[in-house]
Amino acid sequence: MNRHLVLVPGFGGFDALGTLRYYEGVTRVLERTPLVLHYFPNLPTASVRTRAEQLRAFLDERWQRKVFRPGDELHLVGHSTGGLDLRQLLHLYRELERSPNPRGEAPALKVLGHIRSVQFLSTPHRGTNLVRRMNQPLVRALLIRPLLRACFESARGLRERGTAASGWLLRHVLFRGKRQASANWIDALLDTLEGSYCDEGAYPSALARAAYFELLRWLLHMASDSSALSDLNPERLGDAPPSPAHEDDPEGERRFLVEHGIRYASIVTVARPRTGRWFDLFNRLHAFTAESPVARLGPAQAVQKLLEPRSARMLTPADNDGLVNTVSQVWPDAASSFLVDADHADVIGHFQADTSEDPHGTFKRYDLLNSSSGFDALAFAELWTRIAAFAEGRAYLEPGPTPHPLSGVSR
């Protein structure tokens, strides 16, 4: 019997893009566990239902190819919007079971029979105030989609060499050739652009060419379909398709999980603004997310800390991790949720910059949001060791194996 851990990315969903891996360092931490890891490359900004259908097809295909076999266990982890994808996936399975001809969906129902746990990581279960404030029709129609389309057309017109040159030029203009002390999302963007072209050998050139076309594909997807923004709004917009973030039946979902022997838990994240940095990106995102949160995001409530089992914190609707209100991450209730002091990107491995290169490529770790959460390599290793232990059948707060230290840059 094998235990498979499938990691689902969130908004912008990808496995690897340029020099950036979505989940960075997880393989290194879990290499001594018996889990077989799978990194799912989702559609970037399609609706949650579309993304869930893609995930279902991904799981079905691996069943048919005998990657998953009878007797194996499947364990699913979704970060951010990826957690909504998991809830929507379970909705799809419920629909299949109730359909007039469920036998026609035999592969999918066989996969369902092997799912043993789902874990939600920084998931906006009832949406996020940040999207509510930014998700205006005119903003999407006149700014977001045209901007993404312009980025796609520019990268396509410049081709590999020109895209790489634009990254070098932007770095020179922004930093006058000097790298920042702590590489963040700007460095990730510039490194990705610069990595679109290489003439130092056949293999590096092929990798750069592949990275360039993956960047084009990603930009085109986002410019063509940004339906996920509606799904992340706390309240359903117009005739937008329903999203798990707009559902009010946690008991029905919980009952389905219990009936199928699927264990579940949520890890919720919270971070504070950096002092003295008003114009800092994280501070601005945090302020937008905290300002005038709607009641539907969730009530104030106390949640136990995961890495400090004897401590709990009272969360208010304004508390957030820079992108998602923390009370929205509590699901289905506080008893099934555990708090970690971290920003939205810390928990997927981007908690501090490490620009040393992977021996098989050029992937790097960035401090994407540059918050002052205090989350570090030891906390990351402990977090993912507990996620693995939950998949293996233990509770989060039970003592588990010593976490593998995170050293260097690895998958």
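## Around helix α13

Just past α13, G393 takes a positive phi of about 110°. This is a predicted model, where local features need pLDDT of at least 70, side-chain atom pairs count only at pLDDT 80 or more, and totals for chains, interfaces and linings use all residues. Residues are numbered from 1 along each chain as its sequence is written, and side-chain values use heavy atoms, with hydrogens and water left out.

Helices here are DSSP runs of H or I with at least four residues, strands are E runs of at least two, and both are numbered from the N terminus. At the helix start, a side-chain oxygen of D376 comes to within 3.3 Å of the backbone nitrogen of L378.

The whole structure holds 13 aromatic pairs, counted when Phe, Tyr or Trp ring centres (six-membered ring for Trp) lie within 6.5 Å; planes under 30 degrees apart are stacked, over 60 edge-to-face, the rest tilted. Take F351 and F375: their centres are 5.9 Å apart and their planes at 70°, so they go down as edge-to-face. Both sit in the loop between β10 (337–341) and α13, 24 residues apart, and both are buried.

F351 and F375 also belong to one aromatic cluster, whose members include W218, F380 and W384.

Conventions: A polar contact is a pair of N or O atoms within 3.5 Å; within protein, one must be able to donate a hydrogen and the other to accept it, and residues adjacent in sequence count only if both atoms are side-chain atoms. Buried means under 20% relative accessible area, exposed over 50%, partly exposed in between (1.4 Å probe, protein chains only).
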